[in-house]
Amino acid sequence: MTKRIWTKPQPLPGFKDSRSPLPQRLGITPVVADILRQRGIEAEEEIMEFLRPSLLNLNSPFAFREMARAIERLELARAQEEKILIYGDYDVDGVTSTALLYKVLTDLGFKAVAYIPSRMDEGYGLHKDAITKALQANVKVMITVDCGITAVDEVEYARSQGIDIILTDHHEPPDSLPQAYAILNPKVKDSGYPFRDLAGVGVAFKLAQALLERLEEGKSGAYAVLEILDLAALGTIADLVPLTHENRTIVAYGLRQMENTIHLGLRTLLEECGLWGKPLKAGQIAFMVAPRINAAGRMDSARAGLELLLTGHEERAVELARFLSRENALRQDTEKEIFAEAVEILEKAPIPRVIVLSGKNWHHGVIGIVASRLVERYYRPVFLIAEEEEIGKGSARGIGGYHVLDELKAQAELLEKFGGHSQAAGFSLKLETIPLLREALNQAALHLPEEIFYERIRVDQCVPLEVLDASLLHDLEHLAPFGFGNPSPVLAGRDYPLYMADTVGKDHAHLKCMFGPQGEWEGIAFRKGEELANILGSATVDVAFGLDWNTFRGVQSIQLMLKDIQPQASWQEDHDRSLAGQEIALGQEETAAGGPYPQELEIMDWRSKNREEWSKTLESRGDSVALWDFTGISPQEPDADHQAPWAVIIGVPPSWQRVADIIRQVRNSGGQGVILAESQIDPLVLKERTGYLSREDLVQMYRVLYDLAIKNNPFIWVAEEIPLWQARAGLKIFEELNLFRCLRHRSNTIHIEWIPAQKKLDLEGALRFRGAKSRWEEAMAFKEEYCAMPWPEFKKRLGRY
């Protein structure tokens, strides 16, 4: 049985202090606030952007260094009516990328065709045979999606035949890049793009964004960015890229768009899954929708999935959706057979550090899923190989601390081809080298510490059983969408009373438990039925779990989704999370022990002096100074290596703590003293610093937008009358309130759709408005104190820090 270690969440100094205004100001519970901070999301602005993603935060597609070049080539292709081939991949990421670009290109008047290779006949990536066929079809431009970054020879062949290739991909690049006409890949060095974790469909989406911006300049656009976000979200969820930053925005808005999708095939597939007309979650897409599209590509060809997403005929959409469901059922049966065979082989001997198995009748389209299930069962890196004549085609899945792509690179001389990511990769090799690969990978793993092969369950919060209720689950849902990089929170409890435990489901595969003195709380552990023997006879257990809704006969209740259950769990300190806390604690300890400054450090009160007065005084004394300027939006601080006997603080700092920090820094660097001067600030500057727009500001802005909307909706707003920060801040508040949607934007030109209000406007319901208002009020109160407080009281206040 896999050994599991639970990591304890670390207390973060000062954060749970009841005096901390942050959770209350943002309208979130301390539990949610603490989980965010445990995940490194601490600053108020970061928290707001995480909890309320905005389309205005989508990066400009032209941040890609070669995007302009790609768009220019496509513009020429449209003008000269050249044929463009979109060349995809057979997984969900590749299929959605292909469909998305095809829809946008054809809508914009391009002569586009789409092609996805067969997994069985052609395999992954760009192939010379496909390029030859494209040449015969008079294709002049090829766009690769979700593939191509390693196709050095193939791209050179296309170039020699007069075909220009625009390469869009997100896989790790090789040392030598293909000489494509343009490369759009955020992982390529100096790509220019600020976010490297886009899925393949995310890169295709950026190309579509750029096309819409460039070719429909000045128009609202029939194909607004919002209308393709559902396809981008589907591929992003399926490809297991981190659901953070821009991916989080794509998925959050894409799921909303999916609930009202304009794509007939996607709607039909949602109906087939029983999801149409319901609020959608990322998990539902990952486990119900994506596998159906993947199934056809795994078993044979992904073209049925592509046709479904492109079709405009309802009968054909229903036929294809049902076909994909049948293919998915076939895939599941095939997967179960291979999994059972692999388990039978493995359990005849001790489990090796690295599992390398092969089989003659294994379908190479599903071995990646089987590898994932074996990792789940044994917590070992897994390399599965389907033997086909003289060649084996393999899929690898890793564990934490084991980089499968790097391990394959180290054995490159044994392989014919390989590629992928840190935790998932594909490869091929000759059958006679399989034993050599098995031996080499296991030999290389001997130097790894034993702890790597212990599964770690990272606990976000330890909670008593009695606090588990619907209110807590509602609070945790604020952190959605969940997925890779932002997992659903894991809660844990010690010594939960175990009222009942039994196996359920076909073949007794699942474990069901009831907790509490009377079994008031229900828990389920899928595919963990074999662990029943481990807890039988235990009066109490330690449980690690997530929370989800369970609906039975129309009644909704909470359910514990069990990650692990042990009579007594093995706990370990989470050193990664405790490190930041130690650093904070050390800083606080120094403040408490040493005070903000020693007696010999001179503090001078020149708050009433203006710049001309204090600068002349210092000039006459011949003193050099380090200037801390808080008169503007952002503080201007002296260079770290700038040493001066005197520090001058001008303007209004953000807090007493910041002033004390500066004084302490001057003391530690051997300075003579600190001068507080020119204590004033323009209220407009303070508004921008806090991001605050008053109710009157927002009402006036709404009227301007409404006047534009009633003339033409969607519409274009060129924000010239107000600063750009006000325009963006106001629109984000209106987004939260579901009054407007920002379809796309470039600089101060924003394409907006007005949504008729369903109820009376309540600004306090917007987290951003509420948070900015609190910051503004606190900043104004501090400004009054800082500028007007008598000097003796001023020094006394500093002494608290």
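Select Asn738 to start: this residue is partly exposed, with a relative accessible area of 45% (buried is under 20%, exposed over 50%, partly exposed in between, using a 1.4 Å probe and protein chains only). Asn738 sits in the loop between α25 and β25 (740–746), and its phi is positive, about 60 degrees, although it is not a glycine. You're in a predicted model, where local features need pLDDT of at least 70, side-chain atom pairs count only at pLDDT 80 or more, and totals for chains, interfaces and linings use all residues. Residues are numbered from 1 along each chain as its sequence is written, and side-chain values use heavy atoms, with hydrogens and water left out.

Next, jump to Leu240, in the loop between α9 (229–238) and α10. Helix and strand labels here are DSSP runs numbered from the N terminus: H or I of at least four residues for helices, E of at least two for strands. Leu240 has a phi near 60 degrees, positive in a residue other than glycine, and counts as exposed at 59% relative accessibility. For background, most residues other than glycine have a negative phi, and most peptide bonds are trans.

Now for two cis bonds. Ala480 to Pro481 is cis, with omega near 5 degrees; look for Pro481 in the loop between α18 (470–476) and β14 (491–504). Asn713 to Pro714 is cis too, with omega near 5 degrees, and Pro714 lies in the loop between α24 (695–711) and β24 (715–718).

Show the sheet next. Its 4 strands run in the order β20-β23-β22-β21, an open arrangement with parallel pairing (strands pair if DSSP finds at least two bridges between them). β20 (602–606) and β21 (625–630) are at the edges with a single partner strand each, so one side of each has no neighbour in the sheet. Twist averages 15 degrees from one strand to the next. Zoom in on β20 and β23 (residues 673–677), joined by 5 bridges, where Met604 stands opposite Ile675.

Contact means heavy atoms within 4.5 Å. Axes are lines fitted to C-alpha atoms, for helices over the stretch in contact, and angles run from 0 to 180 degrees between N-to-C directions.

What else does α22 pack against? Helix α27 (residues 791–799), at an angle of about 80 degrees with the axes 9 Å apart. The two are therefore roughly perpendicular (65 to 115 degrees; under 35 is roughly parallel, over 145 roughly antiparallel, the rest oblique). Pick Trp656, Val659, Ala660 and Ile663 in α22, which meet Phe794, Arg797 and Leu798 in α27.

For another pair, select α5 (residues 92–107) and α8 (residues 200–215), whose axes come within 8 Å and cross at roughly 10 degrees. That makes α5 roughly parallel to α8.

Then go to α3 (residues 44–51), where 6 of 8 residues are buried, including Ile47, Met48 and Phe50. The cover over its buried residues includes α1 (22–26), α2 (30–38) and α26 (767–788).

Finish on the cysteines. How many disulfides does the structure hold? It holds 0, a disulfide being a pair of cysteine sulfur atoms within 2.5 Å. Cys742 is buried at 2% relative accessible area, whereas Cys787 is partly exposed at 27%.
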